[in-house]
Amino acid sequence: MKKSPVFVFIAGALSLLVPTTGRFAYGIILVLALCFITFFTSLGRVLCHKLMLDEFITPVSLICLSMCTVFFKQILILYSPIIAFTLDFSLYLAALSSLILGFIFSDYSQGTLQYLSTNMKHAFLFSLFALVFYLFRDYLGYGTLTLPVKEGIKVFTLPSFHFFEPSFFWSSIPFALLFLSLLLAVFTLVNRKFDIIKRKYY
C-alpha cells in the first residue's frame, strides 16, 4: 500500500463495501473471507517463490485466489447454508477486493514472516474499517445489530433517536457511497496527520 494508498483503498472499498448487503453479520463473514483469502494466497505466493518458480507467480497467485474463495465458500456452506446462499457472489467480491488492494503482490524480499505479517496487518486494518462501515449501515438502514448464526443471522433491534428513523434510503447503494465517502475523508485526514507526525519526529 505504498503507491497511492488512498486511491487503492478507495478502489478496494468500492469493490467490496458498496455492492454488498449492509448487514453487519454478512460484513463479518466477508472480512473473514478477505483475511482467509489474503493469508493463503500469500502463502501460495511464498511457496512458489521458494520453489524458484517466479515466472509463474502471477498465474499461481490468481489460481490460489480462486481456489481459496471456493474453499472458504464450502466451509461457509457447512457452517450456514443460508448465509452461503445469501452472500453467494459477494464472496468473490472479497477476493476481488484483496486483489485490488494489492496485499498479495507486496514485496516479499524481506522474508516470509515479514511478508505474511505485513499482508495480514493491512488486511486487518481494512477489515476493521469495513466492520465499522457495516455496523453503521446495519443500524442506520435497519435499526438493528445482526450477528451470523447457523440458521442465518440473529437480529437485535436497537433503539432509534427521536430525530432519526431507519429507512430504505439508509440501506441503499447511494447512501453507501455517501457514507463511504465520509469515512474515507476521515481516513485520509487521519492518514495525513500521521504522516506529518512521522516527518516531524522521525
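**Burial and helix length**

Biologist: Why does S97 count as buried?
Modeller: In this predicted model, S97 has a relative accessibility of 0%. Buried means under 20%, so S97 counts as buried.

Biologist: Where does S97 lie, and what is in contact with S97 beyond its neighbours within four places in sequence?
Modeller: S97 lies in helix 5. With those neighbours left aside, its contacts are G12, S15, L16, L34 and F126. A contact here requires heavy atoms within 4.5 Å.

Biologist: How do you know that the span of helix 3 agrees with its number of residues?
Modeller: Helix 3 runs over residues 57–79, which is 23 residues. The expected span is 1.5 Å times one less than the number of residues, so helix 3 should span 33 Å. The C-alpha atoms at its ends are 32 Å apart, which agrees.

Biologist: Which residues of helix 3 are buried, and what covers them?
Modeller: The buried residues are I57, S61, C64, L65, C68, T69, F72, K73 and L76. Their cover includes helix 2 (24–50), helix 4 (81–87) and helix 5 (90–101). Helix 5 is also where S97 lies.

Biologist: What makes up the protein as a whole, and how much of the protein counts as buried?
Modeller: The protein has 7 helices and 2 strands, in the order α-α-α-α-α-α-β-β-α along the sequence. Of its 202 residues, 43% count as buried.

Biologist: What share of the contacts with a separation of 6 or more joins residues 24 or more positions apart?
Modeller: Such pairs account for 74% of those contacts.

Notes:
Residues are numbered from 1 along each chain as its sequence is written. This is a predicted model: local features need pLDDT of at least 70, side-chain atom pairs count only at pLDDT 80 or more; totals for chains, interfaces and linings use all residues. Side-chain values use heavy atoms; hydrogens and water are left out. Buried means under 20% relative accessible area, exposed over 50%, partly exposed in between (1.4 Å probe, protein chains only).
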